[in-house]
Amino acid sequence: MATLLLLSVLVIPAAAQSGDNAVGLTTENVTSTANQTVHGTSTLDAGTELQIRVQTSGETEPATLQSDSATVGPNGEWNATFDCSAVETHDTVGVSVVAGENQSSEFEIPIQNDQATPTKSSESIPGFGVVVAVTALVGGAFLLQTRR
């Protein structure tokens, strides 16, 4: 009976932390610049050391692999910083989060630079386009011809 009690005390907490949901990623995308922060949450104990690896994928040549360590904070959050300046726009980076020997999670996030450089729209007056202007000129010329 004591062996069963000891076994349940040792196995149940480990099983509760060894699930796929022990580490999550909250970063939705990064831009291809230096000092990009990748952040997430974890159900692991505060102070748990995580190894975060970011690897380029897609058309970026040469492929790069960077790693950083992070510590789970008291609120379950963690973050790591990477240099993504060599990654091309619209590629993706694979993020691997490793906590100990038995726990790892894999994620993929896009590189998005579109929101950083707004596109310039053509300048026009609302409701008064080229077709309306030409039609008004032709109509005005027609009216002048009929009055004479």
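How many bridges join strand β3 (residues 49-57) to β6? Seven bridges join the two strands, which run antiparallel. The structure described here is a predicted model, in which local features need pLDDT of at least 70, side-chain atom pairs count only at pLDDT 80 or more, and totals for chains, interfaces and linings use all residues. Residues are numbered from 1 along each chain as its sequence is written, and side-chain values use heavy atoms, with hydrogens and water left out.

**Overall architecture**

The protein contains two helices and seven strands. Helices (H or I, at least four residues) and strands (E, at least two) are DSSP runs, numbered from the N terminus. Along the sequence these elements follow the pattern α-β-β-β-β-β-β-β-α. Of the 148 residues in the protein, 26% are buried; here buried means under 20% relative accessible area, exposed means over 50%, and partly exposed lies in between (1.4 Å probe, protein chains only). The accessible surface of the protein is about 10,300 Å², and carbon and sulfur atoms account for 56% of it. Such areas come from the Shrake-Rupley method with a 1.4 Å probe; for residues, only the protein chains shown count as cover. Among contacts between residues at least 6 apart in sequence, 59% join residues at least 24 apart, a contact being heavy atoms within 4.5 Å.

**The four-stranded sheet**

Four strands form an open antiparallel sheet in the order β4-β3-β6-β7. Two strands pair if DSSP finds at least two bridges between them. At the edges stand β4 (65-71) and β7, each of which pairs on one side only. From one strand to the next, the twist averages 20 degrees; axes are lines fitted to C-alpha atoms, for helices over the stretch in contact, and angles run from 0 to 180 degrees between N-to-C directions.

Strand β6 (residues 92-99) is mostly covered, with six of its eight residues buried. Towards strand β7 (residues 103-110), β6 pairs in the antiparallel sense over eight bridges, and Val 98 has Ser 104 of β7 as its bridge partner. β6 and β7 form a hairpin with three residues between them, and Gly 100 in the turn has a positive phi of about 75 degrees.

**The three-stranded sheet**

A further open sheet consists of three strands in the order β1-β2-β5, again with antiparallel pairing. Because β1 (23-25) and β5 (77-82) stand at the edges with a single partner strand each, one side of each is left without a neighbour in the sheet. The twist in this sheet averages 30 degrees from one strand to the next. Strand β2 (residues 36-42) pairs with β5 over six bridges, and Thr 41 stands opposite Glu 77 in β5.

| Strand pair | Bridges |
|---|---|
| β3 and β6 | seven bridges |
| β6 and β7 | eight bridges |
| β2 and β5 | six bridges |

**The loop between β1 and β2**

Asn 35 lies in the loop between β1 and β2. Most residues other than glycine have a negative phi. The phi of Asn 35, however, is positive, near 60 degrees. Asn 35 counts as exposed because its relative accessibility is 62%.
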